[in-house]
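Please read the following briefing alongside the sequence and the coordinates.

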Amino acid sequence: MSNDATPEVDTRYRDASLPVDERVDILLNQMTLEEKAGLFFQTMITMGEGGTLSAGDPSFGLPSTDEYVNVRHMNHFNLLSVAPTAGETAQWHNRLQELAASTRLGIPVTISTDPRHSFTENPGAALLSGPFSQWPDALGLAATRDEALVQRFGDIARQEYTAVGIRVALHPQVDLATEPRWARQLQTFGEDAELSGRMGAAYIRGFQGDELGATSVSAMVKHFPGGGPQKDGEDPHFAYGREQVYPGGQFELHLKPFEAAFAAGVSQVMPYYGMPIGTEHEEVGFGFNKTVLTGLLRERYGFDGIVCTDWGLISDAQIMGTPFPARAWGVEHLTPAERMAKILDAGADQFGGERCTEILIDLVRAGVVAEDRLDVSARRLLREKFVLGLFENPYVDVAAADRIVGSAEFRAVGDAAQRAAITVLTATDAVPFARGAKLYVEGIDAEAAAAYGDVVATPAEADIAVLRLQAPFEQRPSMFESFFHSGSLDFPAEVIAHVQEVAASVPTVVDVFLDRPAILTPFAEAGVVLTANWGASSAALLDVLTGAARAQGKLPFDVPRSMAAVEASRPDVPFDTADPLFRFGHGLEL
C-alpha cells in the first residue's frame with residue numbers, strides 16, 4: 001500500500017469480542033510498509049518538563065516524540081528517566097498515547113523500561129528507583145533465597161509499572177555470574193544455574209501472572225544464550241569485551257536458567273551483544289546469530305514470542321558526548337543495511353535502540369527482505385499489544401498512579417527485602433550492638449545513624465565503627481563506560497590501610513556493596529565484622545547490626561580469595577576460583 005493511499009480504515013480490529021489472531025490480521029492487512037516498519041524499532045525516549053512530550057534529548061542524540069510517532073510510525077519506546085512523581089509520568093504517558101491515537105490506525109504505544117526499583121544508576125543497565133518502591137538488586141533478591149518474595153517483588157513492580165503505563169520489563173537478567181570481574185552481575189541472580197532459574201521464573205510470574213493479559217507486564221528475559229562467560233570479565237557494550245569464551249565447555253549450562261524462564265511463560269527474549277568464540281556457532285554477536293536465535297531459541301526450545309535485540313547493533317551512536325560504534329561484533333565490516341538484514345535472517349523481531357526505519361523500508365523495496373518476512377514479526381509485535389489490552393485501554397489513571405507507586409505498603413515490603421538480603425560474612429562479639437552506643441560512621445547517612453546511637457567524629461571516641469564501601473573497579477575513559485564497573489577486584493592499598501587503622505582502634509563493621517565479588521581477604525584478616533549488601537539503606541543495615549532484624553542473607557556467588565585465583569579461573573565455569581574466601585550460600589546469623 002502506498003503512503004499516498006488513504007483508504008477507509010477497517011476498524012474491526014478494535015472489536016474486543018473477536019479472537020486476537022483475527023484482529024491482528026485485520027490490522028496487519030491494511031498497514032502500509034512504512035507503518036509495518038515502525039513496529040520493528042524500539043528505542044529510548046525521554047520526557048519533557050512537567051510530563052510534556054519531549055522535543056529531543058541531545059545527551060543520547062534522540063529526536064522529538066513527534067518525529068518518532070508521526071514521521072517514523074514508531075510505537076515501542078524504552079523510557080529513560082521518569083518524572084519526580086508518578087502522576088507526572090502517567091500524564092506524559094497519556095499524552096503520548098493521545099499522539100499515537102491521532103495517527104491513521106491509532107496503534108497504541110508500548111512503553112518498556114530497564115529495572116528501576118533499586119539503588120543503581122546506569123543508563124545502560126538499571127535506573128534509580130525515584131518514586132517507585134526501593135528494593136535490593138537481583139543479586140540481593142537471590143541472597144534472600146525466597147522465591148515467594150521474588151514473586152511478590154514482581155507483582156508489586158507490575159502494579160507500579162502499569163500505574164504509569166509501562167507494559168514491558170526489559171528484565172529479568174538470568175545470565176550466570178561465572179566471571180567474577182564481569183560488570184553486569186548486579187542484575188543477575190548469581191552464579192548457580194538452579195537458583196538463577198528458580199528466581200528468574202518467580203520474577204516472571206510476578207510480572208506476567210499465570211498468563212499474559214490485560215493487567216500484565218510483559219517480561220523480556222535476557223541475555224540469551226547467557227551473557228556471563230566474558231573474556232577477562234569485560235562487557236560487550238564495548239569492543240574490548242566483545243568475546244564470550246567457553247574454555248570449560250559449559251555453553252549448555254548457561255542455557256539452564258532460560259529453560260526455567262520458558263517454562264514460566266516468558267513473553268520476550270533479548271540476546272546479548274557478545275560473540276561466541278570456539279563453539280559450533282558463527283563467531284558473530286548473538287543478535288546476528290542464526291544458529292542461536294533460530295536453531296536454539298526458535299527450533300530447539302519452540303519459543304514463538306518476541307525476540308528483541310540488545311540496543312545499538314546497527315547504527316553508530318553518540319552517548320553522553322562520546323561517539324560509540326554500533327555493537328556489530330563480528331560483522332563490523334557490514335553496512336547498516338546488511339546488519340539489519342542479517343538480524344532478521346537470524347530470527348529476531350525487533351531492533352533495540354534503533355530508529356532507522358528508512359533502512360528497513362529500502363531493504364523491502366529493493367527485494368532484499370520480503371514483506372512476508374516483516375509480516376511474521378509484525379504479527380508477534382501486534383499480538384502482544386492486543387493481549388496486553390492496549391487497544392481497549394491505552395490510558396492510565398493519573399490520580400491512581402500517585403496512590404499506587406511508592407505506596408507505604410510497597411515501600412515497607414521493599415525495605416524488608418533490603419534487610420533480608422544483607423549477608424553477614426564474619427562476626428565478632430561487637431554485633432549485634434545495643435542502641436545508644438557511640439557510633440563512628442563512614443558512608444552512612446548521619447541522620448539515619450543518629451536514630452541508633454550517638455554519632456561521634458572520630459574512631460577513638462566510638463564504641464563501634466561502621467564503614468560502608470563500594471566494591472572496587474577500574475575507572476574507564478568515558479562517562480558511559482564508567483557506569484560499567486570492570487577490571488581488578490582488589491581494593492586500593494589506601495582503602496585497606498584506612499580500614500586497618502580504624503579497626504585497630506575500635507571494633508569495626510565493614511559493609512561492602514558487592515556488585516562484583518570483591519577481594520575481601522585483607523578485611524577478613526583485620527578481624528572486622530564483614531557484611532555484604534546489594535542495595536540497602538543505612539537504616540536497613542543498622543537494623544541488622546543492632547538485632548532489630550534477623551541476619552539471613554546467603555551469598556549468591558563465591559567470593560574469591562585473590563585476583564590470582566580470579567585470573568586463573570575459567571569464565572564459563574561456576575565456582576571455579578581456587579580456595580574461595582567465602583563459598584556460595586555462606587551467611588551467618590547474628
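Leu99 touches Leu53, Thr65, Asp66, Val69 and Asn70, where contact means heavy atoms within 4.5 Å and residues up to four places away in sequence are not counted. The model is a predicted one, in which local features need pLDDT of at least 70 and side-chain atom pairs count only at pLDDT 80 or more, whereas totals for chains, interfaces and linings use all residues. Residues are numbered from 1 along each chain as its sequence is written, and side-chain values use heavy atoms, with hydrogens and water left out.

- Leu99 lies in helix α4, residues 86-101 (helices, H or I, of at least four residues and strands, E, of at least two are DSSP runs numbered from the N terminus).
- Because its relative accessibility is 15%, Leu99 counts as buried (buried is under 20% relative accessible area, exposed over 50% and partly exposed in between, with a 1.4 Å probe and protein chains only).
- Leu99 and Lys36 are 63 residues apart in sequence, and their C-alpha atoms are 18 Å apart in space.
- Ser196, in helix α7 (residues 193-208), counts as buried because its relative accessibility is 0%.
- Apart from residues up to four places away in sequence, Ser196 touches Val174, Leu176, Phe189, Gly190 and Pro257.
- Gln268 belongs to strand β7, residues 268-271, and counts as buried because its relative accessibility is 3%.
- The side chain of Gln268 makes a polar contact with the side chain of Ser218 at 3.3 Å (a pair of N or O atoms within 3.5 Å; within protein, one must be able to donate a hydrogen and the other to accept it, and residues adjacent in sequence count only if both atoms are side-chain atoms).
- With residues up to four places away in sequence not counted, those that Gln268 touches include Val168, Met220, Phe303 and Glu384.

**The sheet**

- Eight strands form an open sheet with parallel pairing, in the order β9-β7-β5-β4-β3-β2-β1-β12 (two strands pair if DSSP finds at least two bridges between them).
- β9 (306-307) and β12 (351-352) stand at the edges, each with a single partner strand, so one side of each is left without a neighbour in the sheet.
- Strand β1 (residues 41-45) pairs with β12 in the parallel sense over two bridges, and Gln42 stands opposite Gly352 in β12.

- The structure holds three cavities of 30 Å³ or more (on a 1 Å grid over the protein atoms alone, a cavity is a set of points where a 1.4 Å probe fits but cannot get out, and a pocket is an open set with protein on both sides within 12 Å along at least five of seven lines; lining residues have an atom within 4 Å of a point).
- The largest cavity has a volume of about 170 Å³, a volume being the space filled by probe spheres set on the points, which are joined across faces, edges and corners.
- Its lining has 18 residues, of which Pro115, Asp137, Ala138, Phe153 and Tyr203 lie nearest the centre of the largest cavity.
- The elements giving two or more residues to the lining of the largest cavity are α5 (138-144) and α6 (147-164).
- The largest pocket holds about 560 Å³ of space and is lined by 37 residues, of which Met44, Trp311, Gly312, Ala317 and Gly353 lie nearest its centre.
- Two or more residues of the lining of the largest pocket come from each of β1, β5 (218-224) and β10 (317-319), and β10 gives the largest share, three residues.
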